[in-house]
Amino acid sequence: MLTDLPVHEPTTEMVGRELELTSVCGRLEDSSLRLITLAGAGGVGKSRLAAEAARLLDDTFPGGIRTADLPACPGPEEAVAAVARAVDTLRRPLPAAHEPSTASGTAPDPRSVLEPRPRALLILDGVEHIAARLAPVVADHLAACPWLTVLATGQEVLRIYGEQVVPVAPLPPPGPLLEPDVADVQDNPAVQLFTRRAHEVNPGFALTAENVTSVVDICNLLEGVPLVLELAARRLRLFPLQEVQSWLHRGGDSHLAGLVDVPPRQRSLLAAAEWSCRGLTDGQRTLLARLALFRQGATLATAEKISPLSPAETAAAIEELLDRNLLRLDERQHTDSRLTMSRTIRVHSLSVLDGDAEEAAAARRVHTRHYQKLMHSLEGRFHGSEQQRWLRLAAAEHDNVLAALEHVAEGPDLAPRAALVTACLRPWLVRGELKPGLHWFDSTAQAMHEADGRSGTEDETDLRLRARLHTGAGLLAAALGDHDGAAHRHRRAVALYKRLRDARAGALASARMGHALFRCGDQAVGRSLLIAARAALEGQGDTVGSAEAAASLAEVMVASDQPQDALSLLERAERIQRQNGEIRDLARTLHLRAQLAWDEDDEAGAQSALRQSLTLYDSIDERTELAAALDTFALLVQRGAGQPQRATRLLAAAENLRRRTGVKVDGERWDRLQGAVTELRSQLGWSVFATAWVEGLRLRPETMVGEALAAVEPGQGAERGEAAALTPRQLQVALLVAEGMTNRQIASRLKIAEWTVVNHVRNVMRKLGCRSRVQVAWAVGRGR
């Protein structure tokens, strides 16, 4: 099909593609670039981007602009013929003055013959599926027509020498935000597109404080793919936003239907996905469907293990799927790169998989078996010098492990499910996956208990698994702050270990039950259990378990006003934990030492121990216990270092972590934190406090410890004050920064070079310990 304009020219404006449009237009204006291909997954807006670029550059191509809608052609040969016709229509006949003169018999002027034709643009829309057949034809046309520029769009590239490939990605979604604000996300391209299209079908729709959370969630869920966002926004013509959000979470986007005046492949998500997967071999489809089971993507090594194809065929299939943008290879900072796919392709591939019951069962068995082996091999590596690496790997596989658990939960055999659940305990504790983890531990333990009751037999292996499940559930409950529930679960574990005659495991479970009872307020029973359990563990040579019991007993000693006994226990626990590489336990012990030092008015000792604790938590990306350590550090900073804004940011960051993990704070500590917040609000004033609090809420977990460790240490206040003394010019600059002036405005006001202002601002920030111009304004306006 040939047209003088793009096949479908929407009446609505394009949203969120300003940078890409500028890039494409810049390349098209460069006459040395003859072939440009916009490549990307289906639905990202390649055709629309090409049409908009052509519209803007109409004057750049006086020879004309033609579009060949290749997907509308019945087959490859018809597409090749359509391209040839398009090129022919762009050929302009030479002017009469350029033709040979038969009357005079003289040859034409060579300069007129060599005069170049005006540039022309040919848009090849949708080259996927026929790229291999089309490439040599396009190459021949480019060679024969030096005045011709080709702009192609497709999920594949043509692979012609000199081809400039411009990747077209989905619009960037806003990402996970704890409490999104309209001002924070209203300029996000995905949010803008969804909001505008929603307003077009429902004029009463607008982005508000009440619906911003739902809009952000939808844009994140749909991964910023323009076609999907537009189709989802159309649902608001009939349904309220929250209903659309819930429907999308249930997978309803696979049934989204669109407009009738667009190409058939864009009229629904199902049509878009089927068009994208058109032409795949059975082996490629099967591999794609199996990879769709991996919610967080799969490494190349994993893809080879679960593939139904031979290694050579698997490598070729992966390359083909990557080349067609059905898969993408995402680089990860601390783990191997992963093969991932868009939500649209995943939903379609899973539906294809479910259409073959035998293959679906086989694929899920392979997926589950892979994670059972992986987590079993990792379980013993979550301690020692390499634990950070393995914990990060487990974190990267979290959603995939949950998918495996869902698969194995459907089977009648509970032992594999229990083994997989117990292997996840340490990464779930470290990463703060507490509530889902508790659900899996409790439900699996209950299912095993009921199964044993029905069978009337008690297998030793099953009893041990049940005991481990109750122990894990107790630890997760304690981490959430439910100490009563933790004591109940540990009591069950103790009873099972007694039946198994496992004195060591029983003593450790008893120590944990004692600690939970102490935290519930039963100090006498908790103390006696901890003392007895510690002695039993030491007698059996379990140094790591005895160190854990000693640290818990130290808490009891502090509450009993026995600081010296508590310090002795903590010192012993610290030595053992350092020797055995128990990073998380050591960080917890150092936190207790910091609290003990603070109670003894040893601020320097408290900060030193707490800094070590925070550094250790950070080394393993700890999320559950980090919040409490940040709280303690914020209180130290508030009182000793005189940095109320930093203290506010840390308290907000800790609160953010607790919301994510679901950890509760006991009443006494909560009152203390609320008192600190009230004092900081009074000290800073509402606007400055609110700004610092929002900054803290926006801190990413991986940057929270860095924010804390940047605080002034005790004893350095005088040095800092002397170093922070600003020169008269630096003070001038700082005051103008506080007024909100830019570097250029300050340079104009002070009649100095802009680069000089930049240097002054850097020195001011260094001396005041500020990380932003806003903090400079606080520092010179209110003091830190």
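## Close-up views of a predicted model

**View 1. Meet V677 and its neighbours.** V677 touches L651, F689 and W693, leaving aside residues up to four places away in sequence; contact here means heavy atoms within 4.5 Å. This is a predicted model, where local features need pLDDT of at least 70, side-chain atom pairs count only at pLDDT 80 or more, and totals for chains, interfaces and linings use all residues. Residues are numbered from 1 along each chain as its sequence is written, and side-chain values use heavy atoms, with hydrogens and water left out. You will find V677 in helix α32 (residues 667-684); helices (H or I, at least four residues) are DSSP runs numbered from the N terminus. V677 is buried, with a relative accessible area of 9%, where buried means under 20%, exposed over 50% and partly exposed in between (1.4 Å probe, protein chains only). Between the C-alpha atoms of V677 and A647, which lie 30 residues apart along the chain, the separation is 9.2 Å.

**View 2. Helix α24 beside helix α25.** The axes of α24 (residues 503-520) and α25 (residues 523-539) come within 8 Å and cross at roughly 155 degrees. Axes are lines fitted to C-alpha atoms, for helices over the stretch in contact, and angles run from 0 to 180 degrees between N-to-C directions. The two helices, α24 and α25, are therefore roughly antiparallel (over 145 degrees; under 35 is roughly parallel, 65 to 115 roughly perpendicular, and the rest oblique). Their contact includes R504, L508 and F518 of α24 and Q523, L529 and L537 of α25. By class, the contact of α24 with α25 has twelve nonpolar, five polar and one charged residues. Ala, Val, Leu, Ile, Met, Phe, Trp, Tyr, Cys and Pro count as nonpolar, Asp, Glu, Lys and Arg as charged, and the others, Gly among them, as polar.

**View 3. Helix α24 beside helix α26.** Here the axes of α24 and α26 (residues 543-559) come within 10 Å and cross at roughly 20 degrees, so α24 is roughly parallel to α26. Among the residues that meet are R512 and H515 in α24, and E548 and E555 in α26. Sorted by class, this contact of α24 with α26 has six nonpolar, three polar and four charged residues.

**View 4. How confident is the predictor?** The mean pLDDT of the chain is 86, and 90% of its residues reach 70 or more; pLDDT is the predictor's confidence in each residue, from 0 to 100. Among the elements of the chain, helix α35 (residues 717-723) has the lowest mean pLDDT (40) and helix α23 (residues 483-500) the highest (96).
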